[in-house]
Amino acid sequence: MAAYDDFAWFYNRYWSQDFHAVAFPILERIWLRHVPAGARILDVCCGTGYLAGLLAARGFRVTGVDESAAMIACARESTPAAEFHVAKATDFRLPSRFDAAVSTFDSLNHLIGYEQFAEALRSTANALEPGAPFAFDVLTGEAYQTHWGENFALVRADHVLTITGSGYDFRTRVARCVITMFRLIDGAWRRSDAVVEEQAYETREIDEALEHTGFREIVCYDARDLGMAGQLGVGRTFYVATKRKR
């Protein structure tokens with residue numbers, strides 16, 4: 001998780017708020033209207049806690065889990081109304097059950113390999129009450145074949161970030177990019193480098209994993225049909241599934 005620890009500051013400043021400004025109205029339409037007022041919501045791969053803050057502001061009791069300690073530190077500082085834990089999406093255990101769950105910004109694509117993806121769904125299902133709705137978004141191969149991970153540079157007086165894409169492997173369906181970061185801290189420049197990988201999952205794999213891990217009533221939406229325009233919407237699918245009742 002060193003890559004995500006170093007990236008946390010940049011992610012919190014430049015990406016999370018912009019994404020959720022578009023994604024949250026979508027979640028309100030397809031998922032949140034099915035969640036009771038004041039419900040307990042689990043945010044899987046919560047990042048720096050921006051979505052948790054939006055939910056807490058609406059009166060929900062939110063718990064977030066993320067494997068990156070730096071992301072969780074940001075989340076605890078920015079959203080003290082929610083509870084956060086450093087934990088892997090694939091095997092977290094929490095003492096209480098939740099009335100709903102969410103995972104956003106293609107977080108589940110960062111789990112490389114079908115087994116890891118399925119384990120994250122299973123851990124989420126185990127944390128939910130029967131009948132609880134789970135919403136998440138994923139990227140398909142279409143997204144990685146366009147502008148994902150394209151070369152990018154951000155230069156400011158006290159920080160610099162560059163992203164260099166290394167392409168999409170059609171055999172493994174894994175996309176990779178290299179992120180180089182500089183920050184001026186206490187008068188000295190600090191450099192860190194990270195390799196970020198994401199896995200494209202096919203619809204049949206996602207449906208199969210959901211069904212095998214205890215979900216039913218699976219509905220999926222093309223992000224562009226929901227109004228997510230531009231690069232964010234390309235190849236992005238939103239899912240809503242319900243924890244099976246016994």
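A polar contact, as I use the term here, is a pair of N or O atoms within 3.5 Å, where one must be able to donate a hydrogen and the other to accept it. Keep in mind that this is a predicted model.

With that cut-off, take T213. This residue sits in the loop between α7 and β10. A polar atom of its side chain lies 2.7 Å from the backbone oxygen of A209. The backbone oxygen of L210 is 3.3 Å from a polar atom of the T213 side chain. Both distances fall within the 3.5 Å limit.

Is T213 buried or exposed? The relative accessible area of T213 is 8%, and buried means under 20%, so T213 counts as buried. Leaving out residues up to four places away in sequence, T213 touches A118, L121, R122 and A125.

Helix α7 covers residues 203-212, and its buried residues are E205, I206, A209 and L210. Why do they line one face of the helix? Looking down the axis of α7, the buried residues fall within an arc of 130°, so they share one face. As background, an α-helix has 3.6 residues a turn, so residues three or four places apart point the same way. On the face of α7 turned away from the buried side, we find the exposed residues R204 and H212.

What covers the buried residues of α7? The cover includes helix α5, residues 114-126, and the strands β5, β10 and β11. Just after α7, G214 has a positive phi of about 105°.

Next, the cores. The largest nonpolar core has 53 residues, and the members that touch the most others are W31, I41, L55 and F238. Helix α2, residues 16-30, gives the largest share of this core, 6 residues. Apart from it lies another core, of 28 residues, including L108, L111, A118 and A127.

Last, the cysteines. How many disulfides are there? The count is 0. C74 is in no disulfide, and the nearest cysteine sulfur, on C46, is 11 Å away. The limit for a disulfide is 2.5 Å between sulfur atoms. As for C220, this residue is partly exposed, with a relative accessible area of 42%.

That is the end of my part.

Technical notes: Residues are numbered from 1 along each chain as its sequence is written. This is a predicted model: local features need pLDDT of at least 70, side-chain atom pairs count only at pLDDT 80 or more; totals for chains, interfaces and linings use all residues. Side-chain values use heavy atoms; hydrogens and water are left out. Buried means under 20% relative accessible area, exposed over 50%, partly exposed in between (1.4 Å probe, protein chains only). Helices (H or I, at least four residues) and strands (E, at least two) are DSSP runs, numbered from the N terminus. The arc is that of the directions from the helix axis to the C-beta atoms. Contact means heavy atoms within 4.5 Å. A nonpolar core is a set of buried Ala, Val, Leu, Ile, Met, Phe, Trp, Tyr and Cys residues joined through side-chain atoms within 4.5 Å.
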